[in-house]
Amino acid sequence: MSPPKLTTADYPIAEKRPDLVLGRRGKKLEEKQQILDAALACFVDKGFHATSIEDIAAAAETSRATLYQYFESKDDLLLAVFEESMQAYARMIGEAIVDLSDPLERLGGALVAHEAGEEVARPRFRHQPERDEGGAEHRALAGIDEVAM
């Protein structure tokens, strides 16, 4: 079981000096989580390719330099968002089947939890096809040179 998430919401002094409440490590964890949350919101809203590092930094209310302290690139950030989503999904499934011992009941419980938590675990990213000078659409992530119509 993981420890509770550290936040500054319950401590008025934390608004001005979060380091007093959370310490340096807690502040860094909160800052990193704020960047991940902002990245997810930007990717969902604008799509991965249309989102810039500047967009994410602005949404996280931080600087590009701070963002790069935690993540090497936009691709690294996308991977971290995906990993966090999958970890949350695995926790949700685990919690749903923890008290079940029969394998078929565990499978059923996992399927029900999957259905109930689909939106949490699989955010809907809009794919923005890239266009080259000739105007042909490309699906960069799939590596397809031309899209059949």
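1. Glu 54 and Arg 64 form a salt bridge, with the closest N and O atoms 3.2 Å apart; the term denotes a side-chain nitrogen of Lys or Arg within 4 Å of a carboxyl oxygen of Asp or Glu. The pair links distant parts of the chain, since Glu 54 belongs to helix α2 (residues 53-59) and Arg 64 to helix α3, 10 residues apart. Glu 54 is partly exposed, at a relative accessible area of 40%, and Arg 64 is likewise partly exposed, at 41%. Here buried means under 20% relative accessible area, exposed means over 50%, and partly exposed lies in between (1.4 Å probe, protein chains only).

2. The structure is a predicted model, in which local features need pLDDT of at least 70 and side-chain atom pairs count only at pLDDT 80 or more, whereas totals for chains, interfaces and linings use all residues. Residues are numbered from 1 along each chain as its sequence is written, and side-chain values use heavy atoms, with hydrogens and water left out.

3. The count of salt bridges comes to 2. Besides the pair described above, the side chains of Lys 46 and Asp 55 meet in a salt bridge at 2.8 Å, N to O. Lys 46 is partly exposed, with a relative accessible area of 31%, and Asp 55 is partly exposed as well, with 22%.

4. As to overall architecture, the chain has 6 helices and 2 strands, arranged from the N terminus on as α-α-α-α-α-α-β-β. Helices (H or I, at least four residues) and strands (E, at least two) are DSSP runs, numbered from the N terminus. Of the 149 residues in the chain, 25% are buried. Among the contacts with a separation of 6 or more, 47% are made by residues 24 or more positions apart; a contact means heavy atoms within 4.5 Å.

5. Is Thr 66 buried or exposed? Thr 66 is buried, with a relative accessible area of 15%. Leaving aside neighbours within four places in sequence, Thr 66 is in contact with Glu 31 and Ile 35.

6. The aromatic residues may be considered next. A pair of aromatic rings is described by the distance of the centres and the angle of the planes. Rings of Phe, Tyr and Trp (its six-membered ring) pair if their centres lie within 6.5 Å; planes under 30 degrees apart count as stacked, over 60 as edge-to-face and the rest as tilted. By this rule there are 2 aromatic pairs. Phe 43 and Phe 48 form a tilted pair, 5.3 Å centre to centre with 55° between the planes, and both residues are buried. Tyr 70 and Phe 71 form a tilted pair, at 6.5 Å centre to centre and 50° between the planes; Tyr 70 and Phe 71 are also buried.

7. Concerning the surface, the accessible area of the chain comes to about 10,600 Å², of which 55% belongs to carbon and sulfur atoms. Leu 104, Leu 107 and Leu 111 make a nonpolar surface patch of about 340 Å², and Leu 111 lies in helix α5 (residues 103-116).

Key:
Areas by Shrake-Rupley, 256 points an atom, 1.4 Å probe, with all protein chains shown as cover. Patch = residues over 30% accessible without salt bridge, like charges linked within 9 Å, V, L, I, M, F, W, Y side chains within 5 Å.
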